[in-house]
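Please keep the structure open while you read.

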Amino acid sequence: MKEKDNDSSKKSSLMTRRTFLKGGALTTAALSTGVLGAEVGEAHLALEDYPSALKRATVTLKVNGLRHRLEVEPRTTLLEVLREELQLTGTKKGCDRGQCGSCTVLLNGRPVYSCLSLAIEAVGKEILTIEGISDGETLHPVQRAFVQEMGLQCGFCSPGQILATVALLGKNPSPSEAQIRQALAGNLCRCGAYPMIFKSVQTAARLR
Ligand code: FES
Ligand code: FES
């Protein structure tokens, strides 16, 4: 009799734990997949039950002088919006974790890693990408300098290097080599074209 009681209480405790785990797993799955207001098994979560951080927001971003109205999740990065929503693929996705600088764009003139910037953080700011620096068919002086000095090999890092240079020359028109190295320290070049890149920056300073 005693044994039976133990079995029954063990069973009931297992059931309770199972029910709990099932509910928890369903809730986690619903939250992680962003299925808002979905009915999943026994767990029904209404839209208002979800953290507001999971809902989509409508934002207006000013990119290269043009305003774009977009619907984004609060977690969407600026890089994702530029490449996947606006097809501005000149901004490159390298590491996607703030280590290479290939995704560099200018926000109000300052270089930022767009893979680490949320799209909603860019609201109200001037976003400049590599597509926005030339004047129609006429290249920007920094672009011309990179072409003239062959400041690239594969070219994957070039948009980031060029925008970092535009930002540098915007605040320091005639930087020393040490200042150039420091300003471009966050932009890695897997091809190791650094000597030509630094020379391009010096030439760009003269062209401007
Ligand atoms: S892709 Fe952003 S830093 Fe590498
Ligand atoms: S030119 Fe190839 S990564 Fe820099």
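1. Two terms come first. Buried means under 20% relative accessible area, exposed means over 50%, and partly exposed lies in between (1.4 Å probe, protein chains only). Helices (H or I, at least four residues) and strands (E, at least two) are DSSP runs, numbered from the N terminus. Now take helix α3, residues 141-148: its buried residues are Pro-141, Val-142, Gln-143, Ala-145 and Phe-146.

2. A word on the source. This is a predicted model: local features need pLDDT of at least 70, side-chain atom pairs count only at pLDDT 80 or more, and totals for chains, interfaces and linings use all residues. Residues are numbered from 1 along each chain as its sequence is written, chains are lettered from A and ligands numbered from 1 in the order in which they are written, and side-chain values use heavy atoms, with hydrogens and water left out.

3. What covers the buried residues of α3? The cover includes α4 (158-171) and α6 (194-207). Contact here means heavy atoms within 4.5 Å. Val-142 touches Ile-162, Thr-165, Val-166, Leu-169 and Ala-204, not counting residues up to four places away in sequence. After α3 comes Met-150, with a positive phi near 55 degrees.

4. Look at α3 against α6. Two packed helices are described by the angle between their axes and the distance between the axes. Axes are lines fitted to C-alpha atoms, for helices over the stretch in contact, and angles run from 0 to 180 degrees between N-to-C directions. The axes of α3 and α6 come within 8 Å and cross at roughly 135 degrees. Angles under 35 degrees count as roughly parallel, over 145 as roughly antiparallel, 65 to 115 as roughly perpendicular and the rest as oblique. α3 and α6 are therefore oblique to each other.

5. The contact between α3 and α6 can be listed. On the α3 side are Pro-141, Val-142, Arg-144, Ala-145, Phe-146 and Gln-148; they meet Ile-197, Ser-200, Val-201, Thr-203, Ala-204 and Leu-207 in α6.

6. Next, the cores. A nonpolar core is a set of buried Ala, Val, Leu, Ile, Met, Phe, Trp, Tyr and Cys residues joined through side-chain atoms within 4.5 Å. The largest one has 22 residues, of which Val-142, Ile-162, Leu-184 and Ile-197 touch the most other members. At least two residues of this core come from each of α3, α4 and α6. α4 gives the largest share, seven residues. Apart from this core lies another, of 16 residues, including Leu-70, Leu-82, Val-105 and Leu-107.

7. Now the sheet. Two strands pair if DSSP finds at least two bridges between them. Five strands form an open sheet with mixed pairing, in the order β4-β3-β7-β5-β6. Its edge strands, β4 (66-72) and β6 (110-113), each pair on one side only. On average, neighbouring strands are turned by 40 degrees against each other, direction ignored. α4 packs on the sheet and touches β5, β6 and β7 (126-128); the direction of α4 makes about 30 degrees with that of β5.

8. Strand β3 (residues 57-63) pairs with β4 in the antiparallel sense over seven bridges. Thr-58 stands opposite Glu-71 in β4. The two strands form a hairpin with two residues between them, and Asn-64 in the turn has a positive phi of about 50 degrees. With β7, β3 pairs in the parallel sense over two bridges. Here Lys-62 stands opposite Glu-126.

9. Go on to β5, residues 104-107, which pairs with β6 in the antiparallel sense over four bridges. In their hairpin, with two residues between the strands, Asn-108 takes a positive phi near 50 degrees. Leu-106 has Pro-111 as its bridge partner in β6 and Leu-128 as its partner in β7.

10. Finish with Leu-128, in strand β7. At 24% relative accessibility, Leu-128 counts as partly exposed. Leu-128 and Val-105 are 23 residues apart in sequence and 5.9 Å apart in space, C-alpha to C-alpha. Neighbours within four places aside, Leu-128 is in contact with Asn-64, Val-105, Leu-106, Ile-133 and Leu-163.
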